[in-house]
Amino acid sequence: MHRFLLKLSSSTNPLRNSKNQLPLILPRFLSSTTASESPPPPRTSHPSNRFISRSGHPYSADSFRKSQAFSSKSRALGVRCISSEAGRESIEYDVLIIGAGPAGLSAAIRLKQLCQEKNADLSVCVVEKGAEVGGHVISGNVFEPLALDELLPHWRQEQAPIEVAASSDKFWFLTKNRAISLPSPFDNKGNYVISLSQLVRWLGGKAEELGIEIYPGFSASEVLYDASDKVVGIATKDMGISKDGSKKETFQPGVDIKGRVTLFAEGCRGSLSEKIIKKYKLREEVNAQHQTYALGIKEVWEIDESKHNPGEVVHTLGWPLDPKTYGGSFLYHMNNRQVALGLVVALNYKNPFLNPYEEFQKLKHHPAIKRILEGGTVLQYGARTLNEGGFQSIPYPVFPGGAIIGCSAGFLNVPKIKGTHTAMKSGMLAAEAAFGALHEGSNMSTYWDNLRSSWVWKELYSARNYRPVRNIIALMAFEYGLIPGLAVSAMEHYVLRGKVPFTLKHGKADHEATDLARKWKPIEYPKPDGVLSFDVPTSLYRSNTNHDHDQPSHLRLRDPKIPEKVNLPEYAAPESRYCPARVYEYVEDEEGKPKLQINAQNCLHCKACDIKDPKQNIEWTVPEGGGGPAYSIM
C-alpha cells in the first residue's frame with residue numbers, strides 16, 4: 001500500500017509541466033467580439049502568499065510523496081489498509097473529509113481538538129481536488145471571525161493572514177455615470193478584509209500540526225456504499241486516461257478511501273454532495289426548497305498607493321445590470337496596495353443574451369471604479385458560484401454514514417454577503433457529532449439538532465426572506481421603478497428583520513428562469529481595451545487554470561443533441577455566455593453547421609453550467625486531481 005501511494009504521487013505532475021500544457025482554446029463562432037490585445041504580462045509570483053508546511057515543503061500534491069502519511073507512524077494513528085478488487089487499493093480512516101476549504105478544515109481541526117480533550121485517538125483524512133490547499137478557494141472576502149474565535153481563540157497571536165480590519169462601509173447606487181451614496185445596510189465593524197485562499201492555507205498548517213493528513217491533488221469522483229446503502233467513503237479518480245478512454249503509460253487506478261464517518265465539504269454545488277442529496281431525498285426530508293445561486297466574478301488588482309485605503313469596503317447595486325436582474329458589485333481594499341473587485345449576478349436572470357463576464361468588464365469602466373483602477377495591474381482572476389437559497393433551501397444534512405457541511409449544504413447569509421463563518425461553524429458542529437458517534441456511542445443526527453440550536457440557525461432564520469424579497473424588488477423595479485423596490489427592501493432589512501410569522505418561497509429554479517431568446521434583443525458589449533477590460537483568454541491566464549488536455553472531458557452532456565436542437569435555436573446558445581471561462585462555443589462542423597465544442601481545459605470549476613443550462617443537460621464532474629485554477633490571493 002505504501003509503495004503504491006508513493007508511486008502514485010512521485011510522478012512529475014503533468015499539470016505543471018509546460019510541454020504538456022495545451023493553449024487555451026480561443027472562441028470563434030457565436031462568441032463576443034474582442035479587441036486585439038498584446039500578450040498578457042508574465043505571471044507574478046507571490047511567494048509570501050504560499051503556505052509552507054512545517055516540513056518545509058509547499059502544501060501541494062508534490063509534497064504527498066515526501067510525507068510520512070503511510071509510514072508505520074500513520075498506522076499507529078489508526079489508519080488501516082485493506083485489499084480491494086480490480087487492482088484498486090483501499091485505505092480506511094475513522095473520519096474522511098472531502099474538501100480542504102473552510103468547512104472541511106474546521107471540521108478536521110475540531111475533531112483533533114476533541115481527541116486531545118478526551119484522550120481519544122481518531123484518524124482524520126482530508127482529500128482535496130486542487131493541486132494545493134487553497135488553490136480552488138475564492139471569495140470576496142470580508143471575514144467575520146466569530147467561528148474562528150471559537151475554533152482557534154489565539155489566532156491573533158499565531159500569524160493568521162487576517163490583518164486588515166474593515167474601516168468603513170460605503171454603499172453606492174450606480175447609474176451609467178454616477179455613484180449615488182446610500183445608507184449602508186452593512187455593519188462590518190470587527191470584521192476583516194482578507195484573502196480566503198490565504199486563510200485556508202493557514203488553516204491547513206494548523207490542521208497538519210494536529211496530525212491531520214491532507215492530500216491535495218486527488219479528486220473524489222465516486223461515492224462508495226456498503227450492502228445496506230450506507231456511505232462508506234469515496235473513490236478517487238483514475239489518473240492517466242486519454243481522451244478516447246484508453247489507458248496511457250502513466251495510468252494509475254484511483255484509490256478507495258473509506259471512513260467510518262464521511263463529511264462532504266465540496267463547496268457550492270458539490271458534485272458528490274448533490275448526488276447524496278438526491279439519493280437520500282434530503283431536501284424532501286425537511287420540506288426544503290430548491291437551492292438558488294449566483295455567479296461571482298472577481299479580480300485582484302494592485303493599485304497606486306495614493307488610491308489605496310486599507311479596510312475600505314464598498315458595495316454597489318444598479319448599473320451595469322438591468323433592473324430585472326438581481327446582483328451587485330463589491331470593492332474591498334486589502335493590504336499590500338491590493339483591492340478585490342467583483343460582480344455577483346443571480347443566476348435566475350431571464351435574458352439569455354446576458355453575459356456576466358462582459359457585464360463585469362463594463363463595471364470597470366464606471367467613473368467611480370475606473371479612477372481607482374487606472375494605473376493599476378491585475379494580479380489574479382477567478383469565478384465561482386455561491387448559494388443564495390438561505391434558510392429555506394437547507395437540506396437535512398445527515399445521511400447514513402456521514403453528513404454534508406459548509407456551502408455544499410448552503411449556509412450563506414445573503415444580506416450579510418457572508419458564508420465563511422457559518423460554513424466553519426457547520427463543520428465544527430458536524431465534527432462534534434462525528435466524535436460523539438465514534439467515541440461516545442451517539443449518532444450523527446446530533447449534528448442537525450445542534451445546528452438548529454446554534455447561532456447559525458438563528459442568523460439564517462432572521463435573514464430567510466431577504467433573497468425572495470430581492471426577487472420581488474426586481475419585479476417591482478421593472479414594473480414600477482426602483483424607488484418602490486428599494487422601499488420594500490428597506491422595510492425587510494431595517495424594520496421586519498425576519499420577524500414576520502411567515503417564510504417566503506423562492507421562485508423558479510435558476511435554469512427554469514431563462515427566457516426564450518425571441519423575447520429579448522441581443523446585447524452588444526463593448527470591446528475590451530486591454531487596460532481595464534480584457535478578453536477571456538487574458539483573464540484565464542491570470543487564474544493559472546490548467547488541465548491535462550489528454551483526458552476525457554469532465555463536462556458531460558446527458559443528451560448530446562440538445563445543444564444544437566434546443567439551446568442554440570431556442571435560447572441563442574446561452575452556455576457561450578453564462579460561462580466565465582468560455583468553455584462552451586459553437587463552431588462549424590464539416591458541413592458548415594454549428595456544433596457545440598467543449599473546451600474543458602478552460603474550466604474554472606465555477607459550476608455555472610451545471611446550474612444554469614436551460615435543460616439541465618450539462619453535468620459537471622471532477623477532472624483528474626490537480627486540475628483547475630491555482631488561486632493564491634483570492
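**Contacts, strands and salt bridges in a predicted model**

Trainee: At the start of α13, which residue's backbone nitrogen does a side-chain oxygen of S454 reach?
Mentor: The model is predicted. At the start of α13, the side-chain oxygen of S454 comes to within 3.2 Å of a backbone nitrogen. That nitrogen belongs to V456.

Trainee: Around the axis of α13, how wide an arc do the buried residues cover?
Mentor: Helix α13 spans residues 455–462, and its buried residues are V456, W457, E459 and L460. These residues lie on the same side of α13, because the arc that they cover around the axis is only 165 degrees.

Trainee: Against which helices do the buried residues of α13 pack?
Mentor: The buried residues in question are V456, W457, E459 and L460. Their packing partners are two helices, with residues 420–440 in one and 445–452 in the other. These helices are α11 and α12.

Trainee: Is N617 buried or exposed?
Mentor: N617 is located in the loop that connects α19 (608–612) and β25 (618–620). Residues under 20% relative accessible area count as buried. The relative accessibility of N617 is 3%, so N617 is classed as buried.

Trainee: Which backbone nitrogen does the side chain of N617 reach?
Mentor: Beyond four places in sequence, N617 touches R556, L557, R558, D559, I562 and P563. The side chain of N617 comes to 2.7 Å from one backbone nitrogen, that of D559.

Trainee: In the open sheet of seven strands, which are the edge strands?
Mentor: The strands follow the order β7-β6-β16-β17-β18-β15-β19, with mixed pairing. The two edge strands, at residues 179–182 and 377–387, each pair on one side only; they are β7 and β19. 

Trainee: Which residue of β7 stands opposite F171?
Mentor: Strand β6 covers residues 168–174 and is joined to β7 by four bridges, the two running antiparallel. Within β7, the residue facing F171 is L182.

Trainee: What angle does the direction of helix α16 make with that of β19?
Mentor: Helix α16 (residues 536–543) packs on the sheet and touches both β15 (293–302) and β19. The direction of α16 relative to that of β19 is about 90 degrees.

Trainee: How many of the ten residues of strand β14 are buried?
Mentor: Strand β14 runs over residues 255–264. The strand is largely enclosed by the rest of the structure, because the number of its residues that are buried is eight.

Trainee: In β21, which residue is the bridge partner of F264?
Mentor: F264 is also the bridge partner in β14 of I98, and nine bridges join β14 to β2 (residues 89–98) in parallel. Strand β21 (residues 402–404) likewise runs parallel to β14, over three bridges. In β21, F264 has as its bridge partner I404.

Trainee: Which residue in β14 is the bridge partner of G233?
Mentor: Strand β11 (residues 231–236) is paired with β14 in the antiparallel sense, over three bridges. In β14, G233 is partnered by K258.

Trainee: How many residues apart in sequence are the parts that the pair D256 and R88 ties together?
Mentor: The side chains of D256 and R88 form a salt bridge at 3.2 Å, N to O. D256 is in strand β14 and R88 in the loop between β1 and β2, so the parts tied together have a sequence separation of 168 residues.

Trainee: Which residues do salt bridges that share partners join into one network?
Mentor: R88 is buried at 17% relative accessible area, and D256 is buried at 10%. The side chain of R88 also makes a polar contact of 3.0 Å with the side chain of D238. The salt bridges that share partners form one network of R88, D238 and D256.

Trainee: Is K416 buried or partly exposed?
Mentor: K416 and E144 meet through their side chains in a salt bridge of 2.9 Å, N to O. This pair links distant parts of the chain, 272 residues apart. E144 counts as buried, at 15% relative accessibility. With 28% relative accessibility, K416 counts as partly exposed.

Trainee: In which strand does the salt-bridge partner of K275 lie?
Mentor: The side chain of K275 meets that of E619 in a salt bridge of 3.1 Å, N to O. K275 is placed in helix α7 (residues 271–279), 344 residues from E619, which lies in strand β25.

Conventions. Residues numbered from 1 in each chain as written. Predicted model: local features only at pLDDT ≥ 70, side-chain atom pairs only at ≥ 80, totals over all residues. Heavy atoms only, no water. Buried < 20%, exposed > 50% of the residue type's maximum accessible area, 1.4 Å probe, protein only. Arc of directions from axis to C-beta. Contact = heavy atoms within 4.5 Å. Polar contact = N/O pair within 3.5 Å; in protein donor to acceptor, adjacent residues only side chain to side chain. Pairing = 2+ DSSP bridges. Axes fitted to C-alpha atoms, helices over the stretch in contact; angles between N-to-C directions. Salt bridge = Lys/Arg side-chain N within 4 Å of Asp/Glu carboxyl O.
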